[in-house]
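Hi everyone, thanks for coming. Let me put the structure up on the screen, and then we can walk through it together.

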Amino acid sequence: MNCFTCDEQKHQNRVQLSPYQSEWPEAFAREKNAIIQELGDPTIPIEHIGSTSVPNLPAKPIIDILLGVEDLDEFTRYIPPLSQAGYEYVPKPELRTRRFFKKETNTNDTFHLHICEWKGSEWEEKIIFRNYLRANPGSAKAYESLKKQLAETYRERSVYTEKKGPFIQSILDLAYKKG
């Protein structure tokens, strides 16, 4: 079993935003196909999430992928085929409702794969947030401004991510109100 160690993570904890790249959706589509091929299940739910999935939104140049499973407790059965697709399982005990995998390629592409229960709260929130930003350019612009400010102020990823939390929750609240 491949495992991304804590030592390898230390050199990658700084936040660097890139302008939106039109290639990001294409990179996701190629990666989705590779994952489906390794898993052997074309019906498994796989979605492009995160800032790279929102047109014109600057982002850390990492393609975030959401993979839905029926039972998160059985995620370990996905480790061997995902390893064949180049993914390393990254144990993160603090993540209770999802499991995390990482892939870096020799073309400098980076992919983060998040496995969670399909149609569970983690799945729904990530899809709702993405869809809201796609449909509401003003909110996407506000998120862009916040991300740029936080990236300059808090260079460490964990703090940057934590500080985005209230904004993300406010968007989710708005989206649920619109229903």
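How many nonpolar, polar and charged residues are in the lining of the second largest pocket? Counting by class, there are six nonpolar, five polar and seven charged residues. That pocket holds about 330 Å³ of space, and 18 residues line it. Lying nearest its centre are Lys60, Pro61, Ile62, Asn108 and Thr110. Helix H2, residues 24-39, and strand S4 are the elements that each give two or more residues to this lining.

Before we go on, a word on confidence. What you see is a predicted model, with an average pLDDT of 92 for the protein chain. A score of at least 70 is reached by 92% of the residues. Please be careful with residues 1-11, though, where the pLDDT is below 50. In the model this stretch has 16 contacts beyond near neighbours in sequence. Where pLDDT is low, the predicted coordinates should not be read in detail.

Now to the sheet. Five strands make up an open sheet with mixed pairing, in the order S1-S2-S5-S4-S3. S1 (46-49) and S3 (88-90) are at the edges with a single partner strand each, so one side of each has no neighbour in the sheet. On average, neighbouring strands are turned by 30° against each other, ignoring direction.

S3 pairs with S4, residues 98-104, in the antiparallel sense over three bridges. Val90, for instance, has Phe100 in S4 as its bridge partner.

Finally, what packs on the sheet? Helix H4, residues 121-135, does, touching S1, S2 (63-69), S4 and S5 (110-117). The direction of H4 makes about 50° with that of S1.

Key. Residues numbered from 1 in each chain as written. Predicted model: local features only at pLDDT ≥ 70, side-chain atom pairs only at ≥ 80, totals over all residues. Heavy atoms only, no water. Pairing = 2+ DSSP bridges. Helix = DSSP H or I, 4+ residues; strand = E, 2+ residues; numbered from the N terminus. Axes fitted to C-alpha atoms, helices over the stretch in contact; angles between N-to-C directions. Contact = heavy atoms within 4.5 Å. pLDDT = per-residue confidence, 0-100. 1 Å grid on protein atoms, 1.4 Å probe; cavity = no way out; pocket = protein on both sides within 12 Å on 5 of 7 lines; lining within 4 Å. Points joined across faces, edges and corners; volume = space filled by probe spheres on them. Nonpolar A, V, L, I, M, F, W, Y, C, P; charged D, E, K, R; others polar.
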